[in-house]
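Keep the structure open as you read.

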Amino acid sequence: MFNTFLRTNRYAAAALFFLRFYLGYQWFTHGLEKLNAPEPFNAAGFLAGAVGKATGDHPAVQGWWADFLTAFAIPNADVFSFLVLWGEILAGLGLMLGCFTTVAALGALAMNFAFLLSGTTSTNPQMAIMGFFVLVAGANAGRYGADRWVLPYLKAAVGSLFGRKPKNDGRGETPTRGAFVG
């Protein structure tokens with residue numbers, strides 16, 4: 001029942017607007033800080049620090065995650081630096097604008113969990129919980145955002161590639177003319 005409320009109710013969509021905008025602002029500003037820093041962002045130090053937290057009686061980082069970081073992430077620190085910086089900026093923009101909202105929320109959640117697995121708590125648990133609400137709400141989270149027009153347009157465009165005609169929503173509008181479908 002709560003899931004249906006999150007996914008369909010316009011009042012829930014309004015509340016989700018503020019929630020996703022807050023999350024998006026947080027991600028976007030953190031990404032901009034990295035982009036505008038005097039030194040280029042490099043995740044190598046963070047990754048090495050996470051591996052260091054995998055020792056002792058009560059390690060903050062699990063051994064399997066430290067093994068992944070050592071074998072894959074640290075040797076490719078430049079790639080991970082790029083992914084973190086632009087992932088934060090793009091997830092933030094997507095959430096603030098309500099464009100590809102579920103994809104942006106999924107990317108943000110992936111980063112939250114990567115940071116948590118690396119032993120960094122900070123605001124990641126709260127952001128992950130809020131991100132789950134946005135993700136579960138699906139298209140309704142972007143109802144008051146660009147998804148209102150982008151998703152129906154893409155649905156119609158992809159459907160036309162396969163020879164399908166857009167469905168009428170009962171108000172005489174097809175998805176290509178701005179009706180919200182979801």
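The largest share of the lining of the largest pocket, 8 residues, comes from H5. Helix H5 spans residues 77–97. Helices here are DSSP runs (H or I, at least four residues; strands are E, at least two), numbered from the N terminus. A pocket is an open set of points on a 1 Å grid over the protein atoms alone, with protein on both sides within 12 Å along at least five of seven lines; lining residues have an atom within 4 Å of a point. The model is predicted: local features need pLDDT of at least 70, side-chain atom pairs count only at pLDDT 80 or more, and totals for chains, interfaces and linings use all residues. Residues are numbered from 1 along each chain as its sequence is written, and side-chain values use heavy atoms, with hydrogens and water left out.

The protein has 8 helices and 0 strands. From the N terminus on, its elements run α-α-α-α-α-α-α-α. Its C-alpha atoms fill a box of roughly 65 × 35 × 30 Å along the principal axes.

How much space lies in the largest pocket? About 570 Å³. A volume here is the space filled by probe spheres set on grid points, which are joined across faces, edges and corners. The lining counts 28 residues, and those closest to the pocket centre are Val 84, Glu 88, Met 111, Ala 114 and Phe 115. H2 (10–35), H3 (44–52), H4 (63–73), H5, H6 and H7 each supply at least two lining residues. By class, this lining has 19 nonpolar, 7 polar and 2 charged residues. Nonpolar covers Ala, Val, Leu, Ile, Met, Phe, Trp, Tyr, Cys and Pro; charged covers Asp, Glu, Lys and Arg; the others, Gly among them, are polar.

Rolling a probe the size of a water molecule over the atoms shows where empty space is left. A cavity is a set of points where a 1.4 Å probe fits but cannot get out. The count comes to 1 cavity of 30 Å³ or more. About 30 Å³ of space lies in the largest cavity. Its lining consists of Leu 23, Trp 27, Leu 95, Ala 105, Ala 108, Leu 109, Asn 112, Met 127 and Gly 131. H2, H6 and H7 are the elements that give two or more residues to that lining. H6 gives the most, with 4 residues. The classes are 7 nonpolar, 2 polar and no charged.

Next, the packing. Two packed helices are described by the angle between their axes and the distance between the axes. Axes are lines fitted to C-alpha atoms, for helices over the stretch in contact, and angles run from 0 to 180 degrees between N-to-C directions.

Take H6 (residues 101–117) and H7 (residues 124–137). Their axes come within 9 Å and cross at roughly 155°. That makes H6 roughly antiparallel to H7. The cut-offs: under 35 degrees is roughly parallel, over 145 roughly antiparallel, 65 to 115 roughly perpendicular, and the rest oblique. The crossing of H6 and H7 is left-handed, that is, the near helix is turned anticlockwise from the far one by less than a right angle (clockwise would be right-handed). Contact means heavy atoms within 4.5 Å. Among the contact residues are Ala 105, Leu 109 and Asn 112 of H6 and Met 127 and Gly 131 of H7. The contact divides into 12 nonpolar, 5 polar and no charged residues.

H2 and H5 pack at about 150°, with axes 7 Å apart. That makes H2 roughly antiparallel to H5. Their crossing is left-handed. The contact includes Leu 23, Trp 27 and Phe 28 of H2 and Val 84, Glu 88 and Leu 95 of H5. By class it has 15 nonpolar, 4 polar and 3 charged residues.

H2 and H7 pack at about 130°, with axes 10 Å apart. That makes H2 oblique to H7. H2 passes H7 in a left-handed crossing. Residues that meet here include Leu 19, Tyr 22, Leu 23 and Trp 27 in H2 and Met 127, Met 130 and Gly 131 in H7. The classes are 10 nonpolar, 2 polar and 1 charged.

Finish at Met 130, in helix H7. Which residues does Met 130 touch, not counting residues up to four places away in sequence? Leu 19, Tyr 22 and Leu 23. The C-alpha atoms of Met 130 and Leu 109 are separated by 9.4 Å, and these residues are 21 apart along the chain.
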